[in-house]
Amino acid sequence: MPADTAHMENPTKSDGERSLERLFALQKKAHRDAPYPSYEERISNLDRLIRLTEANEEKFVNAISEDFGNRARHETIIAEIVVTVSGVKHAKKHLKKWMRPRKVSTPLHMLPAKSRIEPQPLGVIGIISPWNYPLQLALAPAAAALAAGNRVLIKPSELTPHLSEALFNAVTAEFDESVCAVVTGGVETGQAFTETPFDHLLFTGSTPVGVRVAQAAAKNLTPVTLELGGKSPAIVDKSADIAAAAKSIAHGKMMNAGQTCVAPDYVLTPGDRRDEVVSAIAEAARNLFPEIDTTQDYTSIVSDRHFSRLQSLVEDAKDKGADVVEVGSSNALNPQRKLPLTMVIDPPMDSAVMQEEIFGPILPIISISNETEALDFINDRDRPLALYWYGDDDTARDRVLQKTVSGGVTVNDTLWHVAQENLPFGGVGKSGIGAYHGTAGFETFSHMKPIFYQSRFANSSVMYPPYTEKTDKV
Ligand code: NAD
């Protein structure tokens with residue numbers, strides 16, 4: 001059945017689902033007709049991404065701010081525009097090398113044959129992106145997929161409708177839809193995405209939805225990269241410079257108002273330094289955002305639903321007896337849904353704030369008596385997406401890094417490992433499957449095809465029947 005008439009069979013399908021069917025069929029055919037875009041074509045696609053990001057900078061800044069209520073302009077410029085463009089430039093710079101076959105050695109008894117691993121475009125890649133960094137998390141994987149010679153369909157989050165529309169317009173203006181296109185729609189379009197037999201699906205979002213995505217994709221054996229969330233710890237070692245650690249933790253937690261997958265979720269601190277840590281984080285937070293009521297620098301919580309969820313996390317911890325330190329006022333903030341940094345001191349482990357990913361500016365501060373207790377605390381829980389360690393004692397640092405498994409690590413700061421394109425970015429265990437950024441992204445979206453080039457001088461007769469005499473000689 002031609003894709004354009006598919007909807008006539010099922011009038012209940014949404015516009016998003018119909019658009020997905022049509023574009024998938026179109027891109028699949030385009031891939032069959034031209035399965036190996038040249039280096040020049042790929043560079044031209046990467047240039048298109050840079051152009052559309054830079055040319056629409058103001059539209060993207062405003063659209064994201066409208067979606068959030070307020071999104072700090074600087075955060076959008078840095079985390080959406082600069083990070084995306086520098087990722088694409090990195091891909092451009094390394095593309096020639098990435099596309100080259102990888103030589104591997106051939107064992108002596110197989111010589112003079114040759115062996116190579118040759119990267120090949122997979123075909124059509126689906127990308128499902130979340131609302132928290134809605135531009136970067138749509139375009140960064142798209143860049144990797146296009147660099148690898150694929151066609152790309154992006155489904156942005158329904159929670160950022162203004163950005164989704166701006167992205168749709170920008171991509172449509174710059175790309176032929178057989179190369180890269182945006183499909184807007186709600187959860188039903190997301191579900192239809194996961195049921196589409198893409199050659200690879202990259203999903204960025206929450207762990208519970210990630211499970212559903214993996215289940216749906218498994219029906220087609222569609223390979224998935226799952227970029228998920230979780231509770232990322234920040235460990236303040238007894239050797240740490242508390243003021244420096246506090247400033248970094250406050251910034252990592254307050255950027256985008258804590259709505260960052262790699263934000264420190266909670267802090268583990270030596271019990272005898274807990275109060276010093278709390279005061280230092282409060283002071284740092286006040287210095288970073290002195291007037292959260294009025295400043296445009298502090299980002300809003302994305303929706304009323306998320307705002308009440310975060311408020312109820314604090315109420316639940318209070319009800320269960322935890323002390324709470326709120327940094328800054330929350331008077332009259334609610335129209336813009338600005339939530340101050342709220343530290344929850346030694347909450348009980350059954351409180352909701354310790355049971356789920358927080359994804360907002362609420363920061364549990366947990367006292368521990370020694371390193372073993374910190375390690376047990378982390379290892380008793382799901383493997384986190386990120387881990388932050390602050391201190392000066394390299395031996396203690398190495399012990400912690402060897403005894404914990406996390407998606408990535410930044411030592412003596414937060415967030416930075418994600419911005420380093422030479423490092424793969426991804427989770428482990430419940431925080432994700434697979435990785436992208438830099439070389440990892442190119443290889444994720446390529447079939448790394450092993451090829452054995454037999455020599456015409458080879459003597460393969462040992463492999464052929466009759467076997468009996470040959471087996472005797474082996
Ligand atoms: P979400 O899981 O609710 O939604 C993500 C995307 O999936 C959206 O586009 C949504 O429309 C779509 N979706 C929802 N239900 C679906 C379904 N059943 N099938 C298919 N698609 C569906 O996540 P969110 O609230 O948008 O984002 C926040 C979460 O994302 C947090 O857990 C955060 O840690 C995580 N996150 C991870 C990374 C990372 O790189 N690891 C980055 C950003 C956010």
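The questions below go from the whole model to single residues.

Reader: How many helices and strands does the secondary structure of the protein come to?

Author: This is a predicted model, and the mean pLDDT of the protein is 94. Of its residues, 95% reach 70 or more, whereas over residues 1-8 the pLDDT is below 50. The secondary structure comes to 17 helices and 16 strands.

Reader: What radius of gyration does the protein have, and what does the globule rule give for 474 residues?

Author: The C-alpha trace spans about 80 × 60 × 40 Å along its principal axes. The protein is as compact as a globular protein of its length, because its radius of gyration is close to the value of the globule rule. The two values are 25 Å for the protein and 23 Å for the rule.

Reader: What share of the contacts with a separation of 6 or more joins residues 24 or more positions apart?

Author: Buried residues make up 46% of the 474 residues. Among contacts with a separation of 6 or more, the share from residues 24 or more positions apart is 71%.

Reader: Which helix gives the most residues to the shell around the ligand?

Author: The ligand is surrounded by 28 residues, and the closest include Pro130, Gly190 and Cys261. By class, the shell has eleven nonpolar, twelve polar and five charged residues. With four residues, the one that gives the most is H8.

Reader: Which elements are included in what covers the buried residues of H8?

Author: The buried residues in H8 are Thr189, Gly190, Ala192, Phe193 and Thr194. Gly190 is also one of the residues closest to the ligand. The cover over these buried residues includes helix H2 (15-33), strand S3 (124-128), strand S4 (151-155), strand S6 (200-204) and H9.

Reader: Is Glu227 buried or exposed?

Author: An unreviewed UniProt entry lists Glu227 for "active site", and this residue lies in strand S7 (residues 224-227). Beyond residues up to four places away in sequence, Glu227 touches Leu202, Phe203, Thr204, Gly426, Gly427 and Gly432. Because 27 other C-beta atoms lie within 10 Å, Glu227 is buried.

Reader: What distance separates the C-alpha atoms of Trp389 and Asn412?

Author: Trp389 lies in strand S13 (residues 386-390) and is buried, with 24 other C-beta atoms within 10 Å. Leaving aside neighbours within four places in sequence, its contacts include Ile235, Asp237, Val409 and Val411. Asn412 is 23 residues from Trp389 along the chain, yet their C-alpha atoms are separated by 5.8 Å.

Reader: Does Leu415 count as buried, partly exposed or exposed?

Author: Phi of Leu415 is near 70°, a positive value in a residue other than glycine. Leu415 sits in the loop between strand S14 (408-411) and helix H15 (416-419). A residue is buried if 20 or more other C-beta atoms lie within 10 Å. Leu415 has 19 such neighbours, so this residue counts as partly exposed.

Note on methods. Residues numbered from 1 in each chain as written. Predicted model: local features only at pLDDT ≥ 70, side-chain atom pairs only at ≥ 80, totals over all residues. Near = placed C-beta within 6 Å. Helix = DSSP H or I, 4+ residues; strand = E, 2+ residues; numbered from the N terminus. Nonpolar A, V, L, I, M, F, W, Y, C, P; charged D, E, K, R; others polar. UniProt positions renumbered as here; feature names shortened; annotations may be inferred. Buried ≥ 20, exposed ≤ 12 C-beta atoms within 10 Å, placed from the backbone. Contact = placed C-beta atoms within 7 Å. Rg over C-alpha atoms; globule rule 2.2 N^0.38 Å. pLDDT = per-residue confidence, 0-100.
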